[in-house]
Amino acid sequence: ITSKYSEFLPSAQSAEELVSQVDGLSGSIELLRAGIEEQVQRDLNVAVAEFTELKQQLERDTLVLSILKKLQEFDTAIKEYNTALLEKKYVVAAQQLEKARSSLKMLESRKGFELKILKALGTELTVQTQNMLYHLGEEWQKLAVWKLPPSKESSSLESVMHSELHLCTLPSKEEEIAGPPVASVLQAFAVLGELRTKLKIFGQLLLKYILKPLISYPSLQPFTEELSDVVILRFRCEDPNLDHSSPVEVFDKIKFILEVLHKYLLNVPVEQRVEDKKECRVTLAELLGDMIWEELSDCLIQNCLVNSIPTNSSKLEQYIEVIKSTEEFEKALKNMQFLKGDTTDLLKYARNVNSHFANKKCQDVIVAARNLMTSEIHNTVKITPDSCVALPKLPDPGSGDHLKMQKTSKQLPKEMVNLENETKLSQYTFSLPTCRISSSVEKLMELAYQTLLEATASTDQCCIQLFYSVRNIFQLFYDVVPTYHKENLQKLPQLAAIHHNNCMYIAHHLLTMGHQFRYRLTNILCDGAATFVDLVPGFRRLGMECFLAQMRVQKGEILERLSSARNFSNMDDEENYSAANKAIRQVSKANKVKYAVVCRCCPWKGTDISAEDADRLYSLCRIMVEEGPQVFTPLPEEDKNKKYQEEVPVYVQKWMTFKELMIILQANLQEIVDQWADGKGPLAAEFSPAEVKSLIRALFQNTERRAAALAKIK
């Protein structure tokens, strides 16, 4: 152990010394590292600061250099612009202006680096641009010169005749050096972004003074006059009496104008900048077409194609020529690059002729119907059971129905087949009675039938539109006539009666109108929709309400006039008799007056009637009997009205009562008893026992004979 210890001790001591040396060395290293880091960090901060300063200096120098470069470019562009402008190299001049504008925009976009000179440069650029536009405008005016009428007269045919467009055809020698004048001027406008503005103004003038007048005035004919260096486009008037031009003629005129413009002005390609900043090559015709085609096509549709739509379905086949001419017109415009794309609204409108025909026909029908409804009611025509509107022949029953009917008949017993009554109805049983209606209503029904007949030969869509237009006619009548003629229908009894007949006449036809055309219309309407029966009650009610309202007015007037008769009492007084006679003569032709006279002549309250009163009452009643039937005169021939006047009791409720009253006024007691005939005579049919007894007591004195007569009245 001792020996091992003696060996280990020196090693342990040397190890401790070594550890002590390592700790000292580690401390020295740490001090050295701290010193180095401090020195390096100090040097690094100095280097970064120097680098940042150098970088900022470089950026300032670079910015100054770029600005100086752009200023130089601006100055160079302006100088080259002035040189090109003097040489009339308009495209080059315009391009140099755009370069100057681009340089100026870049300078203005530099934030934090503003120069007072930029404002002066902007002013200079604006001045030079306007100067350029002025020179281009001068050149443009030489290429296309307008000679227009005074603005106040621009809408008349005579003023349009003075409109001219002069197109330059040959450039001068100076212009030949710079290239084609038209292309140069227009390309310069395009570079400056002013081409569309110039073309828009030109297009509006072209529309207003050339294209639209050619569409609106059929007599205008365009022609050209070629001189040495100019082509003059002007008009001449050929036939001032024309109302409308055919689309074919109008298309030819428009095409002629555009061909002249295409030859001398529009066939020029220009570089046009689009939205994605790329330039594309287009022709002037294409640009002008984009600007004016929509307005031009609308004008062609509204003032040309609309007027060419047929008014009769039989002329629809002839419209194919218009469709072909429209296609050729658009094809020619596409060849001139005036149009692009496939089908325009103009061609679509022409091809959709069936729909436009239906719309136009429906509109014309409604307008014609309304004109008839607002015409005078008192112009009448006579309608008899034999009268009828000219109708188309109805189709024969289908073979299937015919076979079905035969099959059913064979299955029935022989003795049950013939169920027909031996007494047949008259052929006029379901006819409208003889009467007078307004001639306008007769024409209205003819219009309705003709429209339905037109529908049978039309396409399905047109057929449906025409059918419902006919329904609209009658619904319009229901609303328009009572309102438009309201005052006359209230004041004039004859018009109220005619209106009643008109409504009944229309209702009579509406009952069968739908059935007559049911199997000749489109399948959609054949399923039960083709009917007018639902309108019948409304028309009957319309006529009856107006007529009854007038009857109430007449009743009031009659009773008011009868009120001056002083209840037909004291007829022995001359003044009372005169007043009663005047009242009777005023109302002698009124049916309602009979009831009023009966009521007022009969002494229900026990008033006595003297012999003189009875005679005068009888004379007044005789006036009624003689003049009253004269109201029944439906025929102009007086001798033919007798049978109608004999039918007065059928229509006048109290006519027989009135005649029995006359008999009583002139009869004796025995004659009255005989008329009574134990309650079975004609007197008993009109008067009650109490009424007869009251008359006897009023007419006869109180005697045994009167008492005996009264005893028999029971």
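Trainee: Why is Cys-462 called buried?
Mentor: Buried means under 20% relative accessible area, exposed means over 50%, and partly exposed lies in between, with a 1.4 Å probe and protein chains only. Cys-462 has a relative accessible area of 3%, so Cys-462 is buried. This is a predicted model, in which local features need pLDDT of at least 70 and side-chain atom pairs count only at pLDDT 80 or more, while totals for chains, interfaces and linings use all residues. Residues are numbered from 1 along each chain as its sequence is written, and side-chain values use heavy atoms, with hydrogens and water left out.

Trainee: Where is Cys-462 found, and which residues does it touch?
Mentor: Cys-462 belongs to helix α16, residues 460–484; helices are DSSP runs of H or I with at least four residues, strands are runs of E with at least two, and both are numbered from the N terminus. Leaving aside residues up to four places away in sequence, Cys-462 touches Asn-354, Phe-357 and Ala-358, where contact means heavy atoms within 4.5 Å. Its C-alpha atom is separated by 9.3 Å from that of Cys-362, 100 residues apart along the chain.

Trainee: What makes the pair Glu-37 and Arg-33 a salt bridge?
Mentor: A salt bridge requires a side-chain nitrogen of Lys or Arg within 4 Å of a carboxyl oxygen of Asp or Glu. The closest N and O atoms of Glu-37 and Arg-33 are 2.7 Å apart, and the pair forms a salt bridge. The structure holds 14 salt bridges.

Trainee: Why are Glu-37 and Arg-33 separated by about one helical turn?
Mentor: Because they are four residues apart in helix α1, residues 2–86. Glu-37 has a relative accessible area of 46%, so Glu-37 is partly exposed. Arg-33, at 37%, is partly exposed as well.

Trainee: How do Asp-75 and Lys-79 count in terms of accessibility?
Mentor: Asp-75 is at 38% and therefore counts as partly exposed, whereas Lys-79 is at 52% and counts as exposed. The two form a salt bridge with their closest N and O atoms 3.2 Å apart. They are four residues apart in helix α1, which means about one helical turn between them.

Trainee: What is the N to O distance between Lys-142 and Glu-139?
Mentor: The distance is 4.0 Å, and their side chains meet in a salt bridge. Lys-142 and Glu-139 lie three residues apart in helix α3, residues 117–143, so about one helical turn separates them. Glu-139 has a relative accessible area of 6%, so Glu-139 is buried. Elsewhere, salt bridges that share partners join Glu-30, Arg-33 and Glu-37 into one network.

Trainee: How many bridges join strand β2 to strand β4?
Mentor: Four bridges join β2 (residues 164–168) to β4 (residues 230–237), and the strands run antiparallel. Two strands pair if DSSP finds at least two bridges between them. Leu-167 stands opposite Val-231 in β4.

Trainee: What is the strand order of the open sheet?
Mentor: Its four strands have the order β1-β2-β4-β3, with antiparallel pairing. The edge strands are β1 (144–147) and β3 (220–226), each pairing on one side only.
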